Amino acid sequence: YATVIDIGCIEHVFDTRQCLENCLRMVRKDGHFLLHTPVRGYYGHGLHTFHPEALLSALELNGFEIVYVKYSTMDGVTIASPEEHPDVLLWAVARKTSEFDRFTCPQQGRWS
């Protein structure tokens, strides 16, 4: 597909690695993936709240170029960093620059 959009689904799926891989494989080369998900707070909203580094790294490690990143509150107020508010959403758009054979999982920065 030219565009695949996940607006609030991945945090509700137990196997998020497989979910993200499936989404990324559906995007054709030069297509875009839009991701919107909690990256702080939202206790009880879904099964997961993600560290933005993990999601953005997963995109980059699997042939995507990050073209847009924004953090916001539920009300749409833009914030500079997830540390600035108790409940934070990530808005990310990435362009697929190359296909990948095997999905590469990111590692936490300090453990790489």
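Let us begin with aspartate 30, which sits in the loop that links helix 1 (16–26) to strand 2 (32–40). Helices here are DSSP runs of H or I with at least four residues, strands are runs of E with at least two, and both are numbered from the N terminus. Please note that this is a predicted model, in which local features need pLDDT of at least 70 and side-chain atom pairs count only at pLDDT 80 or more, while totals for chains, interfaces and linings use all residues. Residues are numbered from 1 along each chain as its sequence is written, and side-chain values use heavy atoms, with hydrogens and water left out.

Aspartate 30 is not a glycine, yet its phi is positive, at about 75°. Most residues other than glycine have a negative phi. Its relative accessibility of 45% makes aspartate 30 partly exposed; that class lies between buried, under 20% relative accessible area, and exposed, over 50%, with a 1.4 Å probe and protein chains only.

Tyrosine 42 also has a positive phi, about 55°, without being a glycine. Tyrosine 42 is found in the loop between strand 2 and helix 2 (52–61), and it is buried at 12% relative accessible area.

What does threonine 73 touch? Leaving aside residues up to four places away in sequence, threonine 73 touches Tyr42, Ile79, His85, Asp87 and Leu89, a contact being heavy atoms within 4.5 Å. Threonine 73 is in the loop between strand 3 (64–72) and strand 4 (78–79) and is buried, at 8%.

Finally, helix 1. Its buried residues are Thr16, Cys19, Leu20, Glu21, Cys23 and Leu24. Their cover includes strand 1 (3–7), strand 2, helix 2, strand 3 and strand 5 (88–96).
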